[in-house]
Amino acid sequence: MYLSIGPASRFLGISICTLRRWEKNGKFIPQFKTIGKHRRFSIIKLREFIGEFNFSTKKKVIAYARVSSFDQKDDLKRQVERLDSYLVKKESSYEIIDDLGSGLNFKKKGLLKLIKLILSGQVSKLVLTHKDRLLRFGSELIFKICEFFGVQVDIIEEAKIKSDEETLAFDVLEIITVFSARLYGKRAHQQKVAA
């Protein structure tokens, strides 16, 4: 797979100007140029480059905690405490990223920070309390990215195996909850504007 210069620079965690300068100075050569003279970078070559020139002096252990709504702030605090007590026994240094937002989308500041750290090769291990704390739908994609970048994933409390019916019911309830919250939030906003 090949990336254009913008995604390639984000992959490396640098600016487009820096990537162009590196190419000009011979530090990094793109895989090839298209007929229109556009650069294309091989993801395999980019990964090799990250391995050869590690941008961080030491890879980080990152823990991630998330709740869906402001009402669950106490649960977020408990997750952070649980992660902290788990990691303090195992790691000399680590960072905990906490997030507030729906598990149905990627539009969360903490999650985007986590993904950027993983893609720039700065994470050695990701620790979660539960699998669905990362994302309700799509966590498998993040786990595949972690596997691709050699990031170990530790899930502290594995969920009990649910039947297909239980999983489906839980997913439907999650979707209804999120959309209800959006609807009520939109109504509240419209009432404030009208008042």
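## A salt-bridge tour

Start with the whole chain in view: of the contacts (heavy atoms within 4.5 Å) between residues at least 6 apart in sequence, 66% join residues at least 24 apart. Bear in mind that this is a predicted model, where local features need pLDDT of at least 70, side-chain atom pairs count only at pLDDT 80 or more, and totals for chains, interfaces and linings use all residues. Residues are numbered from 1 along each chain as its sequence is written, and side-chain values use heavy atoms, with hydrogens and water left out.

Now switch to cartoon. Trace the chain from the N terminus and the order reads β-α-α-β-β-α-β-α-β-α-β-α-β-α.

The accessible area is about 12500 Å², 56% of it belonging to carbon and sulfur atoms; areas come from the Shrake-Rupley method with a 1.4 Å probe, and for residues only the protein chains shown count as cover. Of the 195 residues, 35% are buried. Buried means under 20% relative accessible area, exposed means over 50%, and partly exposed lies in between (1.4 Å probe, protein chains only).

Time for the charged pairs. There are nine salt bridges in the structure, each a side-chain nitrogen of Lys or Arg within 4 Å of a carboxyl oxygen of Asp or Glu.

**Stop one: select Glu-95 and Lys-60.** Their side chains form a salt bridge, 3.9 Å from N to O. Glu-95 sits in strand S5 (residues 95–100) and Lys-60 in strand S4 (residues 60–67), so this pair ties together parts 35 residues apart in sequence. Glu-95 is partly exposed at 21% relative accessibility, and Lys-60 is partly exposed too, at 32%.

**Stop two: select Glu-140 and Lys-131.** Here the closest N and O atoms of the salt bridge are 2.6 Å apart. Glu-140 is partly exposed, with a relative accessible area of 46%; for Lys-131, also partly exposed, the value is 38%.

**Stop three: select Lys-144 and Glu-147.** This salt bridge spans 3.4 Å, N to O. Both residues belong to helix H6 (residues 139–148), where being three residues apart separates them by about one helical turn. Lys-144 is exposed at 51%, and Glu-147 is exposed at 55%.

Salt bridges with shared partners join Lys-60, Glu-95 and Lys-113 into one network.

Conventions:
Helix = DSSP H or I, 4+ residues; strand = E, 2+ residues; numbered from the N terminus.
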